[in-house]
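User: I would like to learn how to read a protein structure step by step. Can we take one and go through its features in turn?

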Amino acid sequence: MIYQGKQKIWSDYQKDIPDDHYTAPYAAWARESGIMVGLETGAFGVNDPLTRQQMAVALARYAQLRGAEEMPFDLSAYPDQADIADWARDGVAQCSALGLLNGSDMGFQPNQITTRAMGAVILHRLCEYEFPA
């Protein structure tokens, strides 16, 4: 994070979040911790929808940050596994292995937009997950 006096200068990192935007400190935390690093354009995507594979990558990174051990998962369990982007495959596998974000009979549906209901399920699973002390 770049500082100017005591003020964090967030816009140097993310082009679409003004320094005084209410999400700036949270987006900064997500970026600094490596959980969400933004888009190739340099933007955070503050108003963009979040796909299931993007959510899975963020959850897997968060779990790793909290000390969860990597566990194997065979993505071929998902009939649509070929639709999972290369950059998201490890995150989807880890998230699936930990039981934080799962697929259904139709597959993982990596490009489906997450919903508030999915968010509630994921938050509950995070609360119930026993991270190492």
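Analyst: Start with helices and strands: these are DSSP runs, H or I of at least four residues for helices and E of at least two for strands, numbered from the N terminus. Here the chain reads β-β-α-α-α-α along the sequence. That is four helices and two strands. Note that this is a predicted model: local features need pLDDT of at least 70, side-chain atom pairs count only at pLDDT 80 or more, and totals for chains, interfaces and linings use all residues. Residues are numbered from 1 along each chain as its sequence is written, and side-chain values use heavy atoms, with hydrogens and water left out.

User: What share of the 133 residues is buried?

Analyst: Buried means under 20% relative accessible area, exposed means over 50%, and partly exposed is in between (1.4 Å probe, protein chains only). In this chain, 36% of the 133 residues are buried.

User: Which residues of helix H1 are buried?

Analyst: First, the general idea. An α-helix has 3.6 residues a turn, so residues three or four places apart point the same way. Now the case. In H1 (residues 24-32), the buried residues are Ala 24, Ala 27, Ala 28 and Ala 30. They span an arc of only 160° around the axis, so they sit on the same side of H1. The arc is taken from the directions from the helix axis to the C-beta atoms. Just after H1, Gly 34 has a positive phi of about 85°.

User: How many of the residues of H3 are buried?

Analyst: Eight of the 10 are, so H3 is largely enclosed by the rest of the structure. Among them are Val 92, Cys 95 and Leu 98. The buried residues of H3 pack against helix H2 (52-65). Just after H3, Gly 99 has a positive phi of about 80°. Gln 109 also has a positive phi, about 55°, although it is not a glycine. Gln 109 is in the loop between H3 (89-98) and H4 (116-128).

User: Which residues have the most contacts inside the largest nonpolar core?

Analyst: In soluble globular proteins, nonpolar side chains tend to be buried together. A nonpolar core is a set of buried Ala, Val, Leu, Ile, Met, Phe, Trp, Tyr and Cys residues joined through side-chain atoms within 4.5 Å. The largest one here has 21 residues, and Leu 59, Ile 84, Val 92, Leu 101 and Phe 108 have the most contacts inside it. H2, H3 and H4 each supply at least two residues of this core. H2 gives the most, with five.

User: What is Ile 84 in contact with?

Analyst: Contact means heavy atoms within 4.5 Å. Leaving aside neighbours within four places in sequence, the contacts of Ile 84 include Leu 75, Val 92, Phe 108 and Pro 110.

User: How many aromatic pairs are there?

Analyst: Rings of Phe, Tyr and Trp (its six-membered ring) pair if their centres lie within 6.5 Å; planes under 30 degrees apart are stacked, over 60 edge-to-face, and the rest tilted. The count here is four. One of them joins Tyr 62 and Phe 131, edge-to-face, at 6.1 Å centre to centre and 85° between the planes. Tyr 62 is in H2 and Phe 131 in the segment after H4, so the pair ties together parts 69 residues apart in sequence. Tyr 62 is partly exposed at 22% relative accessible area, while Phe 131 counts as buried at 13%. Tyr 62, Tyr 129 and Phe 131 form one aromatic cluster.
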